[in-house]
Amino acid sequence: MNNIRTSNNKDKVMISTHQGKLYVFEGPDNVGKTTISRYIAERISISTPCKYLSFPGNTPGTIGKLIYEIHHNKRLYDLSEIDSTGLQALHIAAHIDCINRIIKPLLNSGTCVILDRFWWSTLVYGKFYGADTVAINKLIEAENTVWGCIQPDCIFYIVRGFAGADDPVIHSKLVDEYEQLYKFSTLTGRVRRIVNTTISDTISFIINEIFPKKKSVKTNGQGLLLPPKKAESYSNNYPPSSLSKLLGPSVVFDTYWKFAAKRQDIFFARLRGDPRPWTDDSILLEHKFTNAYRASDRVSQYLIKNVIYDGDQDIDEVFFRIILFKLFNKIETWELLKRNIKEISYSSFNFDRYDKILTNAIEQNNRIYSAAYIMPTGGRGTKYKRKHRMHLDLLQQMMHDKLPNQITNSKSMGNVFELLLNYPGIGDFLAYQFATDINYSELTNFPETQFVVPGPGAKDGIKKCFTKTGGLSDTEIIKIVMDHQEEEFERLGIEFKSLWGRPLKLIDCQNLFCETDKYARVKHPDIKGKTGRTRIKQKFSPNPNPIDYWYPPKWGINELIETGEQP
C-alpha cells in the first residue's frame with residue numbers, strides 16, 4: 001500500500017480559509033459508521049449548523065444520487081455489470097460534483113460537514129474489486145486537486161471486527177486494506193482509529209474529540225481511543241426496595257425502569273412535534289423499540305382507531321375485523337383489502353375474493369405479513385399450501401364456531417386465552433396478544449391487572465433483570481413488578497410520564513421486559529439471557545406520518561388528549 005500516493009501535495013500545507021469544520025467517517029461496511037456519523041451530525045446541529053453528506057452521495061440534485069442508484073440498481077439501467085475502474089471513476093466524479101457545489105459552499109458559510117466516506121473507500125474498494133490501481137491513484141489525485149487546501153479536521157476511522165458482515169473473508173480483506181492505508185497515510189496526525197465495541201461508547205469518544213473536556217481522552221499512542229475502565233456490577237447504587245427482599249435484581253433491572261422512562265419521554269417529545277434528536281441515548285436513536293405502552297405503537301393505534309371502532313359494532317363484525325387484521329398485523333395489507341373491497345365485513349365475506357387480492361399481492365413480491373412476529377403455518381395437516389389461505393380458513397372456522405359469542409360470555413381474559421388456544425397455529429404468545437386486542441374493544445372489559453402470559457423475549461428480559469427469582473414464576477414476577485412500579489420509579493429518582501394518568505399494565509410490563517432484553521444486548525453485553533442473542537436486528541427509521549393518538553374510549557383518556565395537556 002505504501003506505493004500509493006496519498007495526497008502529499010505541497011498545496012496541502014496551505015492554510016485553509018473555510019470557516020466550517022469537516023469531519024470524515026471511514027471504514028468498511030457493517031462497522032456502524034453511518035449510524036454513528038448521523039448521530040454525530042444531529043448532536044452537533046444542536047449548537048452549530050451542521051450537514052450530513054455521504055459519498056458517492058445521496059443528496060438530491062447531485063449526480064451522486066444517480067451514481068448511487070446505478071451502482072446498487074444496475075438492472076434499472078439495463079446493466080448486467082460495471083467495470084470496476086469505470087465504477088470508481090463515476091464515484092470520483094460524484095465526489096468532485098459534491099465538493100464543488102455542496103461541500104465548499106457549506107464550509108465557507110461556517111457550516112460543519114459530516115462526511116460518510118472519503119476517497120479512502122474509493123481506493124480500498126476499487127483495489128479489492130480489481131480496479132486498475134494506477135488509474136485509481138490518478139483519479140484520487142484529481143479529487144484531491146479539487147479539495148485544494150481543505151483537509152478534514154479529523155478522519156474517524158471505525159473498526160469493529162467481524163461486525164456481522166455477510167462474508168467474514170471479504171470483510172477481513174477489506175479491513176487489511178484499510179489498515180494499510182491508515183498506517184501509511186500522511187494524514188495520520190488527523191486520524192482517530194476507533195474500535196467500535198458499542199455504539200454508545202464510540203459516540204462518547206467522538207463527541208469528546210469534537211467537544212473536548214478539561215480531561216483529555218486517553219489513547220494508546222497510536223490514535224486508538226481507549227474506553228474508560230469500569231467493571232459493570234450486578235448490584236446498583238440506589239437504595240434497596242421491597243422487591244429486593246423477594247428477588248435478586250441485577251443492574252439491568254434499573255435499566256428496565258430507565259428505559260421505560262426514556263422511551264416515554266421520546267413519545268411525548270414526538271407528540272409535541274419536537275425536532276430530532278428526541279433523546280441523548282444513542283441506543284434508542286440507533287435501534288427500533290416499541291413504546292412503553294403497547295397501545296401507543298403505530299400498529300395498535302391503527303387497529304384501535306381504524307379497525308375496531310371504525311365500522312359496525314355488532315359482535316361478529318368487530319371480532320371478524322380484529323382477527324382478520326391481527327392475522328397479518330400489517331397496516332398495508334388492511335389498506336390493500338380496503339382498496340379492493342367496498343366494505344370489510346363478515347356479512348359480505350367471500351373467501352375466494354380475499355384470496356385473490358392477497359395472492360396477487362404476493363405474486364407482485366409484496367409482503368402481506370408483518371415482520372413483528374412469525375405467523376405459523378399450522379403444520380402438515382393443513383389443506384392449504386399458502387399460509388394466507390390457511391389463515392382465512394381459520395377465521396372462517398372461528399366464525400362458524402360462534403367464537404365471538406363464546407368470548408363475550410367469558411368470565412375472564414384467561415378464559416378468552418384458552419378459547420383461542422383451541423385453534424391450530426395459535427400458541428400462547430398469539431393467544432395472549434389476540435386476547436389483549438379483543439379487550440381493547442367493547443366485546444370484553446376485563447381488568448388489565450390480572451392475566452399475563454410472558455413471551456420468549458420477556459422471559460429473556462426477566463432472566464437478565466434478576467439473578468434469583470425466589471421460586472416465583474415469570475408470570476408472578478411481571479405482576480409483582482407492575483404492582484411496585486411507583487416505588488421503583490421513586491427509588492431511582494425518575495419522574496415517569498404516564499399515559500395521561502394511566503399506569504403501566506401487565507401487557508406493558510411484559511413488553512418492557514422484552515424490549516429491555518434487546519436494549520441490554522448493547523447496554524449490558526456481558527449479561528446473557530436464555531437465547532444468547534447479542535444483536536438488535538431492526539434499525540430505527542422515523543416514520544414521517546404523524547399519529548392522532550386515540551385510545552379505547554373506556555379508558556377515559558381521549559378527552560385529556562384533546563385538551564392538548566401532557567403529563
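The structure is a predicted model, in which local features need pLDDT of at least 70 and side-chain atom pairs count only at pLDDT 80 or more, while totals for chains, interfaces and linings use all residues. Residues are numbered from 1 along each chain as its sequence is written, and side-chain values use heavy atoms, with hydrogens and water left out.

I begin with a pair of helices. Helices here are DSSP runs (H or I, at least four residues), numbered from the N terminus. Helix 14, residues 351–363, packs against helix 15, residues 387–400, at an angle of about 155°, and their axes are 10 Å apart. The axes are lines fitted to C-alpha atoms over the stretch in contact, and angles run from 0 to 180 degrees between N-to-C directions. The two helices are therefore roughly antiparallel, a term for angles over 145 degrees.

Which residues of helix 14 and helix 15 make the contact? Contact means heavy atoms within 4.5 Å. Helix 14 contributes Phe-351, Tyr-354, Asp-355, Leu-358, Thr-359 and Ile-362, and helix 15 contributes His-388, Arg-389, Leu-392, Asp-393 and Gln-396. An α-helix has 3.6 residues a turn, so residues three or four places apart point the same way.

Asn-365, in the loop between helix 14 and helix 15, has a phi of about 65° although it is not a glycine. Asn-365 is exposed at 73% relative accessibility, where exposed means over 50% relative accessible area, buried under 20% and partly exposed in between (1.4 Å probe, protein chains only). Lys-402 lies in the loop between helix 15 and helix 16, residues 403–408. Lys-402 is not a glycine either, yet its phi is positive, about 55°, and its relative accessible area of 55% makes it exposed.

I turn now to Asp-97, in helix 3, residues 84–108. Is Asp-97 buried or exposed? Its relative accessibility is 16%, so Asp-97 counts as buried. Beyond its neighbours within four places in sequence, Asp-97 contacts Thr-62, Ile-63 and Ile-102.

In helix 11, residues 298–308, the buried residues are Ser-300, Gln-301, Tyr-302, Leu-303, Ile-304, Val-307 and Ile-308. Their cover includes helix 12 (315–328), helix 13 (331–340) and helix 18 (428–440).

Finally, Arg-276 and Pro-277 are joined by a cis peptide bond, with omega of about -5°. Pro-277 is in the loop between helix 9 (251–272) and helix 10 (282–286).

Methods: Parallel < 35°, antiparallel > 145°, perpendicular 65-115°, else oblique.
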